[in-house]
Amino acid sequence: MEIFIDFKDGKIEYDDICSKMNNAEHGGQNYFFGAVRKVNLGRQVTAIHYDLFEPLARTITEQICKEAMALINCDADIAVIHSYNKLKVGNISIGIAVSTKHRDESYTASRYIIEEIKERAPIWKKEFYVDGETEWVQGHALCQHKKKNKGPDNILNKDQQKQNCFHD
Amino acid sequence: MNNIEVRLFGAFRNFTSEESITLHMEDNQTVAHIKEAILHHFKNNKQPIDIKLIEESALSTDKAILSLNDVVENNSKLAILPPVCGG
């Protein structure tokens with residue numbers, strides 16, 4: 001069981017992720033790539049600047065990968081790379097690879113990882129628009145009260161229910 | 001003197017060009033007190049911070065997100081994390 005996590009200055013290349021899948025015992029390799037879209041909420045985007053808090057992002061991403069492994073309960077190799085700094089439309093900002101013996105588990109783990117990263121990893125995006133304006137994208141508060149209950153009850157250490165808000 | 005350094009991320013970068021701010025506080029402050037101090041810091045510097053941004057942000061160390069009632073070690077280095085949207 002291998003977990004590879006990295007953060008890259010600038011766009012991700014396909015081989016950055018694909019090269020991490022080398023397990024001859026795994027017949028299923030699942031790849032997800034997230035790219036910068038041209039339009040978001042009706043606004044024409046030219047670029048996105050990604051900001052991230054690397055030490056905590058690494059810790060949380062590793063935790064998410066371990067949870068994914070617990071969820072599928074089988075041998076798996078996982079690689080996650082996320083960009084930081086400025087990317088243009090079409091550039092890849094995140095790559096996730098999961099390999100497992102059979103394909104079903106690789107789909108499950110990959111989906112779990114991207115959904116959890118979106119809600120928990122300390123990463124932010126500032127969009128640049130064609131009219132010259134910029135805006136930090138609205139996101140998921142890490143001091144949220146309710147948590148989605150995903151996977152079996154024995155998911156490792158998913159406690160993010162800490163009270164961390166003025167309005168509690 | 002208890003100097004708490006708070007690194008800034010995301011939308012907080014709209015309010016200053018600095019990577020972090022330093023709060024001069026009494027000993028053994030809770031996360032709640034530090035968040036209040038962050039709000040006052042920006043107000044005292046006449047920066048139009050939105051209180052909702054601070055309310056919805058979490059404080060963390062390099063390794064873990066902190067709870068509102070946690071007591072922070074003196075002279076700690078923390079980060080303030082607005083609502084996240086990676087991926």
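1. Helices (H or I, at least four residues) and strands (E, at least two) are DSSP runs, numbered from the N terminus. B:Asn75 sits in the loop between β3 (58-60) and β4 (77-81) of chain B. This is a predicted model: local features need pLDDT of at least 70, side-chain atom pairs count only at pLDDT 80 or more, and totals for chains, interfaces and linings use all residues. Residues are numbered from 1 along each chain as its sequence is written, chains are lettered from A and ligands numbered from 1 in the order in which they are written, and side-chain values use heavy atoms, with hydrogens and water left out.

2. Stay with B:Asn75. Its phi is positive, about 60°, although the residue is not a glycine. Most residues other than glycine have a negative phi. B:Asn75 counts as partly exposed because its relative accessibility is 46%. The classes are buried (under 20% relative accessible area), exposed (over 50%) and partly exposed in between, with a 1.4 Å probe and protein chains only.

3. A:Asn85 is another residue to check. Phi is near 75° here, a positive value in a residue other than glycine. A:Asn85 lies within strand β5 (residues 76-88) of chain A. With a relative accessible area of 29%, A:Asn85 is partly exposed.

4. Chain B has two helices and four strands. Read from the N terminus, the order is β-β-α-α-β-β. What radius of gyration does chain B have, against that of a compact globule with 87 residues? Chain B has 12 Å, which agrees with the value near 12 Å for such a globule. The radius is taken over C-alpha atoms, and the globule rule is 2.2 Å times the number of residues to the power 0.38. Along the principal axes, the C-alpha trace of chain B spans about 30 × 30 × 20 Å.

5. Of the 87 residues in chain B, 55% are buried. Chain B exposes about 4200 Å², and carbon and sulfur atoms supply 45% of this. Accessible areas come from the Shrake-Rupley method with a 1.4 Å probe; for residues, only the protein chains shown count as cover. In chain B, 55% of the contacts with a separation of 6 or more join residues 24 or more positions apart. Contact means heavy atoms within 4.5 Å.

6. Charges in chain B: 8 positive and 12 negative side chains. The centres of the two sets lie 5 Å apart. Lys and Arg count as positive, Asp and Glu as negative; His and the chain ends are not counted. Each charge is placed at NZ of Lys, CZ of Arg, CG of Asp or CD of Glu.

7. Chain A has three helices and eight strands. Their order from the N terminus is β-α-β-β-β-α-β-β-α-β-β. Buried residues account for 45% of its 168 residues. The accessible surface of chain A is about 8600 Å², with 46% belonging to carbon and sulfur atoms. Among contacts in chain A between residues at least 6 apart in sequence, 73% join residues at least 24 apart.

8. Now the core. A nonpolar core is a set of buried Ala, Val, Leu, Ile, Met, Phe, Trp, Tyr and Cys residues joined through side-chain atoms within 4.5 Å. The largest has 65 residues, and A:Ile113, B:Leu23, B:Ile34, B:Ile38 and B:Leu81 touch the most other members. Helix α2 (residues 54-72) of chain A gives this core its largest share, eight residues. A second, separate core of seven residues includes A:Ile17, A:Met21, A:Ile81 and A:Ala97.

9. Two residues deserve a look here. Leaving out residues up to four places away in sequence, B:Leu23 touches B:Asn2, B:Asn3, B:Ile4, B:Val6, B:Ile34, B:Ala37, B:Ile38 and B:His41. A:Thr61 is in helix α2 of chain A. A:Thr61 counts as buried, at 2% relative accessibility. Beyond four places in sequence, A:Thr61 touches A:Ile5, A:Phe7, A:Val80 and A:Ile117.

10. A:Val89 lies between β5 and β6 (92-100), and at 34% relative accessibility A:Val89 counts as partly exposed. A:Asn23 lies in the loop between α1 (14-18) and β2 (28-35). Not counting residues up to four places away in sequence, A:Asn23 touches A:Asp75, A:Asp77 and A:Ser99.
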